[in-house]
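Subject: A structure for you to look at

Hi there,

Here is the structure I promised to send you. Please open it and keep it beside you while you read the rest of this email.

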Amino acid sequence: MSVPAFAALTTGAVAVWLALYRLPFNDPARRRRTALWLAGRTRLRPEAAFAVFGTLVYLVLGALALAALLASTPLAPGRLFTVPGPGAALALLLAVLGTSSSTILCVSLLYRLRPRTDVPGEIARIQWIASVLALPRHYRWTVPAAAALFEEVLFRGVVLLGLGALGSGPAFALAFSTCLFAAGQVALVSTRTQAYVLGTSSLVLGAVGGLLTLATGGVLPALVLHMSFAGFYTNLSASPTRAARTTPGRLSL
């Protein structure tokens, strides 16, 4: 398969994956009915039952896209998990600091332009994050980490390294995988503020994770970076202010 054909296939597979994940439950009334139906059969709270269900749908649909894309490249699955050398620990530390600093800078610029913006509140209202925040505290780390693990294998592994295996130059592979990842994150939000925060943070995370992958030859350092980033910032969204605004026992899907 040629590089342009694989890029087109990748774009289509990611678009279908995210559309099937989001569109059927884009209607709040349908989400509430589904959550109540799931709660009646699992004995979980409706918010928690829907969060688990949504995560499973996201991962299963993504697994199908990943399998289709992996079969379209000469990339061996074991190549994705190449064990990095000793210098990877320092590179990972610098990547964590660089990603966090760049994200804070982007949010600071937003506050500078729009001082009254409630960034934690906006992030907490993103559908999938709201579902995650409905889970018990320790699961609020597990679910974002699981999604992050999967996204790294797909975007930095199959897409970035797959393009390289097909003969693409590293600059194009890095730019394409980063932009596709950021576009996918923006497709899951509803407001301009959410799009700005998720878009800029995803561009930074994708670029830094991509560079780590190219430098080490595998996705493991980028995977650790993304899992820690996703878990930390998802839990940061659960601010005391938001918690105080939430009515106990009310279904807020």
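Below are some notes on a pair of helices and on the cysteines.

Before you start, please keep in mind that this is a predicted model.

Let's begin with the helices. Two packed helices are described by the angle between their axes and the distance between the axes. Look for helix α3, residues 46-70, and helix α7, residues 139-165. Their axes come within 11 Å and cross at roughly 15°. Angles under 35 degrees count as roughly parallel, so α3 is roughly parallel to α7. The crossing of α3 past α7 is left-handed.

Which residues make the contact? On the α3 side you will find Thr55, Tyr58, Leu59, Gly62, Ala63, Leu66, Leu69 and Leu70. On the α7 side they are Val143, Ala146, Ala147, Phe150, Glu151, Val153, Leu154 and Val158. Sorted by class, this contact has 13 nonpolar, two polar and one charged residues.

Now for the cysteines. A disulfide is a covalent bond between the sulfur atoms of two cysteines. How many disulfides does a search of the whole structure find? The search finds zero. Cys106 is in no disulfide, and the nearest cysteine sulfur, that of Cys179, is 14 Å away. A disulfide needs the pair of sulfur atoms within 2.5 Å. Cys179 is likewise in no disulfide.

Is Cys106 buried or exposed? Its relative accessibility is 16%, so Cys106 counts as buried. Cys179 is partly exposed, with a relative accessible area of 47%.

Happy exploring!

Key. Residues are numbered from 1 along each chain as its sequence is written. This is a predicted model: local features need pLDDT of at least 70, side-chain atom pairs count only at pLDDT 80 or more; totals for chains, interfaces and linings use all residues. Side-chain values use heavy atoms; hydrogens and water are left out. Axes are lines fitted to C-alpha atoms, for helices over the stretch in contact, and angles run from 0 to 180 degrees between N-to-C directions. Helices (H or I, at least four residues) and strands (E, at least two) are DSSP runs, numbered from the N terminus. Angles under 35 degrees count as roughly parallel, over 145 as roughly antiparallel, 65 to 115 as roughly perpendicular and the rest as oblique. A crossing is left-handed if the near helix is turned anticlockwise from the far one by less than a right angle, and right-handed if clockwise. Contact means heavy atoms within 4.5 Å. Ala, Val, Leu, Ile, Met, Phe, Trp, Tyr, Cys and Pro count as nonpolar, Asp, Glu, Lys and Arg as charged, and the others, Gly among them, as polar. Buried means under 20% relative accessible area, exposed over 50%, partly exposed in between (1.4 Å probe, protein chains only).
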